[in-house]
Amino acid sequence: MEQNRIIETAQKAFDNLARGWSTGDFQSYINMLSDDVVLWLPVGKQRSQPFGYEGKEQIIARLRSHQQAGDQVIFSPPDHVTSNDTTVTFEFESQGTIRNQPFKGRSAISFDVKNDQIYGVREYFGDIG
């Protein structure tokens, strides 16, 4: 897959995820995930115990729980984008409410891209709730 296509796919995933966090409708983002996608949360409240969600169904359940809780986060447009042959990382500001608590911070998210789908996600949102 050519580099431009990887970046375009990752940009679309970023835009769809940002739209999901601001509107509560994550479906366009979910549609981009491969069935065996893995989401890693390497830092944050769980700082000493990084963990992940394996498979699309676990990630869908996580997103739906944020939706049901009324969580909302607004992403700024990325101000720094880096990439290699398979991964694109976006750095941006984000702010909103998670678990009824205000959140504001510098964030980064990386998407691993294969066959026009997202098969790996790493979120770095710092301490949340």
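Q: Through how many residues does the hairpin join S4 to S5?
A: Strands here are DSSP runs of E, at least two residues long, while helices are runs of H or I with at least four, and both are numbered from the N terminus. Two strands count as paired if DSSP finds at least two bridges between them. In this predicted model, the hairpin from S4 to S5 passes through three residues. Strand S4 covers residues 80–83, runs antiparallel to S5 and is joined to S5 by four bridges.

Q: Which residue in S5 is the bridge partner of Thr82?
A: Thr82 has Thr89 as its bridge partner in S5. When you look at strands, keep in mind that side chains in a regular strand alternate between the two faces of the sheet.

Q: What should I know about numbering and cut-offs before going on?
A: Residues are numbered from 1 along each chain as its sequence is written. Local features need pLDDT of at least 70 and side-chain atom pairs count only at pLDDT 80 or more, while totals for chains, interfaces and linings use all residues; side-chain values use heavy atoms, leaving out hydrogens and water.

Q: What pattern does the protein chain follow along the sequence?
A: Reading along, you get α-α-β-β-α-β-β-β-β-β. That comes to three helices and seven strands.

Q: Where does Arg99 lie, and what about its phi?
A: Arg99 sits in the loop between strand S5 (87–98) and strand S6 (101–114). Its phi is positive, about 55°, although Arg99 is not a glycine. Asn100 lies in the loop between S5 and S6 too, and has a positive phi near 60°, again in a residue other than glycine.

Q: Is Asn100 buried or exposed?
A: Go by relative accessible area, taken with a 1.4 Å probe and protein chains only: buried is under 20%, exposed is over 50%, and partly exposed is in between. Asn100 counts as exposed, at 67%, whereas Arg99 is partly exposed at 48%. Across the protein chain, buried residues make up 43% of the 129 residues.

Q: Which residues have the most contacts inside the largest nonpolar core?
A: A nonpolar core is a set of buried Ala, Val, Leu, Ile, Met, Phe, Trp, Tyr and Cys residues joined through side-chain atoms within 4.5 Å. The largest one has 31 residues, and Phe75 and Phe111 have the most contacts inside it. Helix H1 (3–23) is among the elements that give two or more residues to this core, and H1 gives the most, with seven.

Q: What is Phe75 in contact with?
A: Contact means heavy atoms within 4.5 Å. Leaving aside neighbours within four places in sequence, Phe75 has contacts including Phe14, Trp21, Phe92 and Phe125.
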